[in-house]
Amino acid sequence: MGVRTWIEGWPVYRQLTGTDPLGRGAAAMSPRSAALTARTETADSMARSVCPYCAVGCGQRVFVKDGRVSQIEGDPDSPISRGRLCPKGSASKNLVTSELRQTTVRYRRPYSREWEDLDLATALDMIADRVIAAREATWEDSDDEGRPLHRTLGISSLGGATLDNEENYLIKKLFTALGALQIENQARI
Amino acid sequence: MAEAHPVGFQWVMEAKERGAKVIHVDPRFTRTSALADLYVPIRAGTDIAFLGGIVRHILENELDFREYVVAYTNAATIVSEEFRDTEDLDGLFSGYDPTTGTYNPESWQYAGQEHDGVRFDTSTERETAGGLQHESHGHPVQGRPERDETLRHPRCVYQILKRHYARYTPEMVERTCGIPADKFEEVARAWTENSGRERTSALIYSVGWTQHTVGVQYIRTGAIIQLLLGNMGRPGGGILALRGHASIQGSTDVPTLFNLLPGYLPMPLVKHTTFTEWVESIRHPEQKGFWNNARAYSASLLKAYWGDAARPDNDFCYDYLPRMTGDHGTYRQVLDMIDGKVKGYFLLGQNPAVGSAHGKLQRLGMANLDWLVVRDLFMIESATFWKNSPEIETGEIVPEECRTEVFFLPAASHVEKEGTFTQTQRLLQWREKALDPPGDCRSELWFFYHLGRVIRQKLAGSTLSRDRAILDLAWDYPTHGRDDEPSAEAVLFEINGYEVATRRPLSAFTQLRDDGSTVGGCWIYCGVYADGVNQAARRKPGREQSWVAPEWGWSWPANRRILYNRASADPEGRPWSERKAYTRWDPDKGEWTGPDVPDFEKTKPPSYRPPADATGVEALSGIDPFIMQGDGKGWLYVPSGLIDGPMPTHYEPAESPVRNPLHGQQANPTRRTYRRPANPTNPSPPEPHSDVFPYVFSVSRLTEHHTAGGMSRTVKYLAELQPEMFVEVSPELAAERGLVHLDYAHVVTSRAAIEARVLVTDRLTPLWVEDRVIHQIWLPYHWGGEGLATGDSANDLFGITLDPNVLIQESKVGTCDIRPGRRPVGKALLDYVADYRRRAGLTGDHRTPILTTDAVEREKP
Amino acid sequence: MNRLYGPLDPAPDAGYQDPPARMGFFTDTSICIGCKACEVACKEWNGVPGHELTMLGMSFDNTGALTANSWRHVAFVEQPVPAGRQTPAFAGTPTGPTIAPAAAADAVTTTTDTGTEPGLDPGRHPDSAARMAAGPEFLGMPASELPGRQPGREERTDLRWLMMSDVCKHCTHAACLDVCPTGALFRTEFGTVVVQEDICNGCGYCIPACPYGVIDQRKTDGRAWKCTLCYDRIGDGMTPACAQACPTQSIQFGPLDELRERAARRVERLHAAGETTARLYGHDPEDGVGGDGAFFLLLDEPEVYGLPPDPVVTTRDLPDMWKRAGVAALAMAAAVAVAFLGRPA
């Protein structure tokens, strides 16, 4: 830490009077260079995370500055990855800060050629209505022999193996209570 | 492994530095091959022939670790005299029913258990992916089967195996796999010489093994070898599944799968009309092992789901669970979408338009829904099928005629939420949240919690019986922050389980009860919140603890890092060798000890032998290391639980240019097929016209991309590293077909034609198979029409044919043609593919034959 | 006194008193898995722009070269030569003649817009690319017709896939620095060579001066950009981004003296294990650039990886020139200094 030398004065003076008469080293160091510090050192916070790509489970450190992710790199503490990341893991900051990331709800009306905007709360409400309607239209109470089925085959779900256990738990719990059986995952694929 | 799991590969490189020999078997020379000591090119889809050759090598030369094999496996167990092998029946086991295409496995049982009242219904088991339910346990074994520990009895498992693999000679391996016999022998020698008391070998596989019509049996063959060589439950040994997604292990443990509930509890079948019937089907009252407590696991799960409403007197609301009647898997669902049976579809961080087999059917299914909800970070192909799919170009999807209403909801990224991933070694790691998600981006936790809340509000007051399950649901998680995010820790606490009266967290699944006094959302995860501490969040640096690193995260079950590690000690509880010491019995303390959590009852001595009438855990003797199996033994032979046979046998892939060299039965006779004109299978021998699709193709990943590309083709630093879809061909195939490096070529199957840039490379080689030259081509499957780097999707080439045990599709091998130049566009593309179908005879009422031997007829008296 | 040739510890020479140990990279290509984590980690940390999406056909290399927009570059070389395996990769398979020379010859004619000058220059001659891809034994010309139709070529049996992460060499005698008229390029206290983005005016003198062809200018701002050996990170005691990410530790960072010792031991071990082609590149303080701050363990001739076999600092003869030009330069500097000092505060 802090091994950088700070030399007062302006370059030509330093060059002529200092130890670097050819001006290729200490004398040529610009104020910006002299003030450089790793941005991980000046981050507001650091979260210990896990890479979202494959299942090796490499440790990541996520640095945040001014409400933005400023760096994601390997966590040297991890006995799994020892601080290392592959190209995908190394691109994680690009993944979460990409300009291509969608940050608003998009809605495609039936038979339409274009997306529209939609308020998140409205979208949630519309989806709830559709789940209820699909369930009602396709509900199966019992089979031909009168044995309980208690299900709908009118709703499907697929994904995702990059979700948290807690998320998958709630997904399965809610869908099971709704009688929605056709819940599938990348693990089938 | 270097390609798809580079950071995990650091340990292989470290082992190599210490003298380990690295062998890589793959149809194509990859970045892993480049670093391996021995590279073995293989014809895609012939792994059982190859591995079966290793089994034969072990058995013929008696190279098995005999003491381990006798004590810890079912090698000595005597099998029914009614059993007939594929060697007797030209590729079929006894009990095949051609009308259902499945087996009655009664004759496969251990002697004396053939007709013991346990009902087998492999047809239903296939429909419901029954094999997956047994992921952590075997099928039931009643009582004490007869054993011959001299291994000489002609019907003991050891001798049956020996006969079964007798024809898998190096010459047969060469004829079938295209691997020269001397090279095969080099592998066999290296593997066997590096196994035993002093040494262990590890076997690593990935979806190159699972995505086949005999995928489960591939892994079974690996298990047979590793058991015979004594490589299971020992350090440096084992079979390691390298899983491809951050929490794909977690999403089978805490499943979003149709046939499973958390902790591999099966979703009930319609025949399980009562709670007790359902539970008894899991625990099998007379069986050994920890599954015997399934009633406690099940009751605690229902208690977690329905809270106060779930009571012993109402069977814990068992009636609220939906029932399976058959195949409800993702591919069945897609066909039902096309048929208009499915109204709505949720895609949660998943891109089946690119990632699933037969992309066209995936997209046509989406185009025939009432509504589709896509939750993702990026605008993926599955969200834009109605405006930007290949079917728009061909006119098969017309936006003005497509009624599907699409909701795209942006998702929170992994740094914008907290929770646990379960990585490939069953290790749960908690992620801290770095910052709030932008804009409308939300976690799945948020979406599903609030969706459930809104649905419950809308249904409040309903008197319909079907709505009781949703209204009685325990759905009161605390929320916090700007977006009312539900607490992931509260959910993890419920998954862990707690005592209802005190809300005290449980520390082990042995504390779960069947009387309603405990909640447990996923019994195998019980302990992750032991002592009220989030054990998954533990981050003691690796350098500050033992090499096992037990204080980093938490692994199920009970924080064990190596499963079945009782097997690392000999029957008396002593390490097999000091070099490979791990778990051992400490006679002074009277307990099992070692660097890991012993995978055995801590104080049960090696000398323990159960009373004759014991069941469950009590019935496990001191020398039964495989504590989740019905007999405590590692299974070389699987008397039941598998749809397609008790031992792996070589079948050709569903599409192959080669006649099965071993049997009249060409391909897996129990594979799951879906017959419809849009899902043809390219002809294979003995059918005519297999020459229309003369080449073998395989697909897999590149280091620089991730699965269906949604998280890599959208990321500029990754997209530029592999910017275009390409196809790898050998120089020999390039010459045969006139393909030029960097020009375009197109690949054709009976489903699709896709184009790609040509990479002619020495890394691919033709193979000699049955005195013929077989060419293999390879494609990455990452591309689609959205994102920064776009291209045709390789998965469009595949049809839908599944492994019968787990309903996973065969998407690692198929047959194709390849031609120079770009593919036709628009309607001409449809005509082009139709012409291939016509030439291959795949028209009208063509049916791909399943049974290609008359052995069944011959078997009849 | 400052010197421009021969062995030297560059930081004291550049005026640093009691500088920290000279830091550098040792890139061991024998354990590189070609994953390109280094390329990405570098870009993420340093905010390096991307480039156009073009497939180059140089095996798995679609970056092409070190440029102002790629400060690490992983080269891939497919060679039909023995790779030290007991049994060759394709022994017993019906293989024909190799494609590697023809594919490499094709690939050197491909290019992509890197957004830089001179950027990705096809540069190498197709013939020489073909020769490199076939390894030391290759004798013929690259294929002019489709592979498999050429008679008389031996069948390939083995394959070696070389991968190597290239980077700025941080020469002991750095010609780029010597010719930089603005002082934008400077020697750090760690002995590394860094372009200061706040000084560089885009004159481009450094570009032809580099004996390795590393330095390149961005078209957007005209400035020269290259590896800084993560000057900001190492100043805070951290590891450069590429070395930190490298999954197999093919890229190692540390005090140069330690790295040189480690590298020598590694070569000995590889030789003992039969990897007789292993050799170091850029480690020797007696070489034409006084030794590199970033040096390599290679498994073949440097040219095979696109490295010059015997680089010489292009300013080697500068002292002689200075005898004539030096007086004038100093007089000019003094005049400038006086002009500044004469200004009112």
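Student: In chain C, what percentage of the contacts between residues at least 6 apart in sequence join residues at least 24 apart?

Tutor: That share is 71%. Keep in mind as we go that this is a predicted model. A contact here needs two C-beta atoms within 7 Å.

Student: What is chain C built from?

Tutor: Chain C has 10 helices and 11 strands. Of its 345 residues, 55% are buried.

Student: Which residues of chain C does the UniProt annotation "binding site" cover?

Tutor: The annotation, from an unreviewed entry, covers Cys42(C), Cys227(C), Cys230(C) and Cys242(C).

Student: How do you know that they gather at one spot?

Tutor: The four span 201 residues in sequence, yet no two of their C-alpha atoms are more than 10.4 Å apart, so they gather at one spot.

Student: Why is Cys42(C) called buried?

Tutor: A residue is buried if 20 or more other C-beta atoms lie within 10 Å of its own. Cys42(C) has 26 of them within 10 Å, so it counts as buried.

Student: Where is Cys42(C), and what does it touch?

Tutor: Cys42(C) sits in helix H2 of chain C, residues 37-46. Leaving aside residues up to four places away in sequence, Cys42(C) touches Val48(C), Trp71(C), Arg72(C), Ala241(C) and Cys242(C). Cys242(C) is also one of the annotated residues.

Student: What makes Cys230(C) buried?

Tutor: The cut-off is again 20 or more C-beta atoms within 10 Å. Cys230(C) has 27 such neighbours, so it is buried. Cys230(C) lies in the loop between strand E8 (224-225) and helix H7 (231-235) of chain C. With residues up to four places away in sequence set aside, Cys230(C) touches Trp45(C), Pro240(C) and Ala241(C).

Student: How many residues does each side give to the contact of chain C with chain B?

Tutor: Chain C gives 48 residues, and chain B gives 48 residues. On the side of chain C, the elements with two or more residues there are H2, helix H3 (100-107) and strand E4 (160-167). H2(C) gives the most, with five residues. By class, this side has 23 nonpolar, 16 polar and nine charged residues.

Student: What about chain B and chain A, how many residues meet there?

Tutor: That contact takes 130 residues from chain B and 99 residues from chain A. Helix H20 of chain B, residues 444-459, supplies the largest share of the chain B side, 11 residues. That side of chain B divides into 67 nonpolar, 42 polar and 21 charged residues.

Student: Which domains is chain B divided into?

Tutor: Chain B has domain 1 (42-241), domain 2 (250-325 + 489-536) and domain 3 (565-625).

Student: How many residues of domain 1 and domain 3 of chain B are in contact?

Tutor: In chain B, 11 residues of domain 1 are in contact with 13 residues of domain 3. The domain 1 side of that contact has four nonpolar, three polar and four charged residues. Taken over C-alpha atoms, the centres of domain 1 and domain 3 of chain B are separated by 25 Å.

Key
Residues are numbered from 1 along each chain as its sequence is written. Chains are lettered from A and ligands numbered from 1 in the order in which they are written. This is a predicted model: local features need pLDDT of at least 70, side-chain atom pairs count only at pLDDT 80 or more; totals for chains, interfaces and linings use all residues. UniProt positions are given in the numbering used here, feature names are shortened, and annotations may be inferred rather than shown by experiment. Helices (H or I, at least four residues) and strands (E, at least two) are DSSP runs, numbered from the N terminus. A residue is buried if 20 or more other C-beta atoms lie within 10 Å of its own, exposed if 12 or fewer, and partly exposed in between; C-beta atoms are placed from the backbone. Ala, Val, Leu, Ile, Met, Phe, Trp, Tyr, Cys and Pro count as nonpolar, Asp, Glu, Lys and Arg as charged, and the others, Gly among them, as polar. Domain bounds come from an automatic or database domain assignment.
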